[in-house]
Amino acid sequence: MSEAENLFADGEAYERRIGRWSRVVGEAFIDWLAIPKGLRWLDVGCGNGAFTEVLIARCAPAAVSAIDPSEGQLSYARTRPGAKLAEFRVGDAQALPYPDRSFDAATMALVISFIPDPIKAATEMMRVVKPGGWVAGYMWDMPGGGIPLEPMYRALRSLCIAVSVPGIEVSRRDKMREVWEKAGLQSIDTRVIRIPVVYSDFDDFWQSFSVPEGPSGQAIRKMSPLEIEQLKMRLRDQLPTGRDGQIVYEAFANAVSGRAPS
Ligand SMILES: C[S@@+](CC[C@H](N)C(=O)[O-])C[C@H]1O[C@@H](n2cnc3c(N)ncnc32)[C@H](O)[C@@H]1O
């Protein structure tokens, strides 16, 4: 099993942990791209289809192909009522299983940090879109603390529990631009997307992030019951909690878009 499959093997767990925020940031990303409707799209690293569903709802595409290395994620994606249009298949961003010029637009939603060779992936996306086609993506700003899981990471770090998050540096806005430039894309633009993250109470937060999925879920799985109690206490101290028990903070992602040479 690859590292990606290890981290993201269960589509339902992903949905509980972070799928709701994937959708919110995905909507803002699509609004920013402002690409015409009725196009042929490729969704790279589609995971459990959280973004694919948003793409279909907002862009009225003519067709959507979606790939991910994790069959566990794909089986969940295939059950989504709003993603019936998409053709889901197993694949790797670094060797896309499509002929040249197959799509009008290719996106990579919250994926770039998990890819060993991001420039190769961007080059592949450029290869499979037609000349002038769109190639775009976004990733939580991990060095800046923009990922919705940041409070959990901070609490784990404060207890000296290591969380191994791959590819942190490439989620910087300047690095994402650099990857697009090195791949040969043109008319490159970047922006920061900010979203509110809201949990109704501590249990809502805990149940979302303690599922055994992703880097923090895997770290929690290895903790003793005593360590878990300590972690909960640390979180209760640190989380921005209102008088009504609601937990509210901001998450932010860096987005990049470019066009394939004509
Ligand atoms: C954080 S999830 C994002 C899923 C979805 N795009 C979303 O917006 O919710 C990252 C996804 O990247 C996938 N991934 C990891 N390595 C990959 C690779 N080499 N090629 C394509 N996808 C990959 C993982 O399997 C996982 O589903």
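Tutor: Here is a walk through the sheet, one of its strands, and the helices beside it.

This is a predicted model, in which local features need pLDDT of at least 70, side-chain atom pairs count only at pLDDT 80 or more, and totals for chains, interfaces and linings use all residues. Residues are numbered from 1 along each chain as its sequence is written.

Some naming comes before the tour. Helices (H or I, at least four residues) and strands (E, at least two) are DSSP runs, numbered from the N terminus. Two strands pair if DSSP finds at least two bridges between them. Strands of a sheet pair through backbone hydrogen bonds, either parallel or antiparallel.

Axes here are lines fitted to C-alpha atoms, for helices over the stretch in contact, and angles run from 0 to 180 degrees between N-to-C directions.

Now focus on E7. Strand E5 (residues 129-140) pairs with E7 in the antiparallel sense, over seven bridges. In this region, tyrosine 138 stands opposite alanine 255 of E7. Strand E6 (residues 186-199) also pairs with E7 in the antiparallel sense, over twelve bridges. Valine 197 has tyrosine 249 of E7 as its bridge partner. Tyrosine 199 stands opposite isoleucine 247 in E7.

Alanine 251 lies in E7, which covers residues 247-259. Alanine 251 counts as buried because it has 21 C-beta neighbours inside 10 Å. The cut-offs are simple: a residue is buried if 20 or more other C-beta atoms lie within 10 Å of its own, exposed if 12 or fewer, and partly exposed in between, with C-beta atoms placed from the backbone. Leaving aside neighbours within four places in sequence, alanine 251 is in contact with Trp21, Trp140, Gly146, Ile147, Pro148, Ile195 and Val197. Contact means that the C-beta atoms of two residues, placed from the backbone, lie within 7 Å. Tryptophan 140 is 111 residues from alanine 251 along the chain, yet their C-alpha atoms are separated by 7.7 Å.

Ala, Val, Leu, Ile, Met, Phe, Trp, Tyr, Cys and Pro count as nonpolar, Asp, Glu, Lys and Arg as charged, and the others, Gly among them, as polar.

Look at H5 (residues 118-128) itself. Its buried residues are Pro118, Ala121, Ala122, Glu124, Met125, Met126 and Val128. Their cover includes strand E1 (40-44), strand E4 (103-109), E5 and helix H7 (173-183).

H2 has a helix partner as well. H2 and helix H3 (residues 50-59) pack at an angle of about 30°, with their axes 8 Å apart. Among the contact residues are Gly19, Ser22 and Gly26 of H2, and Phe51, Val54 and Leu55 of H3. This contact has six nonpolar, three polar and four charged residues.

Finish with two loop residues. Most residues other than glycine have a negative phi, and most peptide bonds are trans. Leucine 110 has a positive phi of about 60° although it is not a glycine. Leucine 110 sits in the loop between E4 and H5. It is buried, with 23 other C-beta atoms within 10 Å. Arginine 101 has a positive phi of about 55°, and it is not a glycine either. Arginine 101 lies in the loop between E3 and E4. With 13 other C-beta atoms within 10 Å, arginine 101 is partly exposed.
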